[in-house]
Amino acid sequence: MNGSDHENNTSGPNSPDDFSRLKGTVARRNMATASLVCAVIALLTMQFFFISLPLGGTAVILALLSRGHGRTHGRARIAVIGGAAAMFISSIVTIYMVRQVYTNPALRSQVENLYNYYTGQIPAGSNATRESEEEQPMSESPQEILQNILSGNYREQKEQQQIDGGFEAVSGSGGAYI
């Protein structure tokens, strides 16, 4: 046996094939772990569809890619189930909430008021809000309510409005208004 035969022999315990198999196994195991982490985060944030749907999809894809040519690792199986469940539940919750906003008039008006407030379509001191306040003395614009809450004067102003409007506080331990 000469030296060239020894160099061509790749069936030993430290052959390049063993190293690449080991490297591939570690890479697939790491990918399965990453898919499991994505699935867990997707399950924890399933009420936020813009987080849950992409992470759930990523978990499923990484789990399927981690399979390679062999069997699916246990973490990858759990990640596929968790990612698919997160995507399904997140979709159902999103569809339900959109349906609620469109069918419930009170909720829809609240969403429209918030939208108008954050887009600046209702100015704080506009004449339209002042006229509606004269017709309905108890209503306030969202801007005024938010300013009162942040300044800490909201509860006191509501109590003062109730007293001025003919409501008197009952003195006693209950603190209820009549």
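Student: Leaving aside neighbours within four places in sequence, which residues is Gln-121 in contact with?

Tutor: Quick caveat: this is a predicted model, where local features need pLDDT of at least 70, side-chain atom pairs count only at pLDDT 80 or more, and totals for chains, interfaces and linings use all residues. Residues are numbered from 1 along each chain as its sequence is written, and side-chain values use heavy atoms, with hydrogens and water left out. Gln-121 is found in the loop between helix H5 (105–119) and helix H6 (127–135). Contact means heavy atoms within 4.5 Å, and the partners of Gln-121, apart from those neighbours, are Tyr-115 and Asn-116.

Student: What is the relative accessible area of Gln-121?

Tutor: Buried is under 20% relative accessible area, exposed is over 50%, and partly exposed is in between (1.4 Å probe, protein chains only). Gln-121 counts as partly exposed, and its value is 48%.

Student: How many helices does the protein chain have?

Tutor: Helices (H or I, at least four residues) and strands (E, at least two) are DSSP runs, numbered from the N terminus. The protein chain has 0 strands, and its helices come to 8.

Student: How far apart are the end C-alpha atoms of H3?

Tutor: The expected span of a helix is 1.5 Å times one less than its number of residues. Helix H3 (residues 49–65) has 17 residues, so it should span 24 Å, and the distance in the model agrees: 24 Å.

Student: Which residues are exposed on the other side of H3?

Tutor: Start with the buried ones in H3: Ser-52, Gly-56, Gly-57, Ala-59, Val-60 and Ala-63. They cover an arc (taken from the directions from the helix axis to the C-beta atoms) of only 155 degrees, which puts them on the same side of H3. On the other side, the exposed residues are Phe-50, Ile-61 and Leu-65.

Student: At roughly what angle do the axes of H3 and H4 cross?

Tutor: Axes are lines fitted to C-alpha atoms, for helices over the stretch in contact, and angles run from 0 to 180 degrees between N-to-C directions. The axes of H3 and helix H4 (residues 74–103) come within 8 Å, and they cross at roughly 155 degrees.

Student: Which residues of H4 are buried?

Tutor: H3 meets H4 through residues including Gly-56 and Gly-57 in H3, and Gly-83 and Ala-86 in H4. In H4, the buried residues are Ala-76, Ala-79, Gly-82, Gly-83, Ala-86 and Ser-90.
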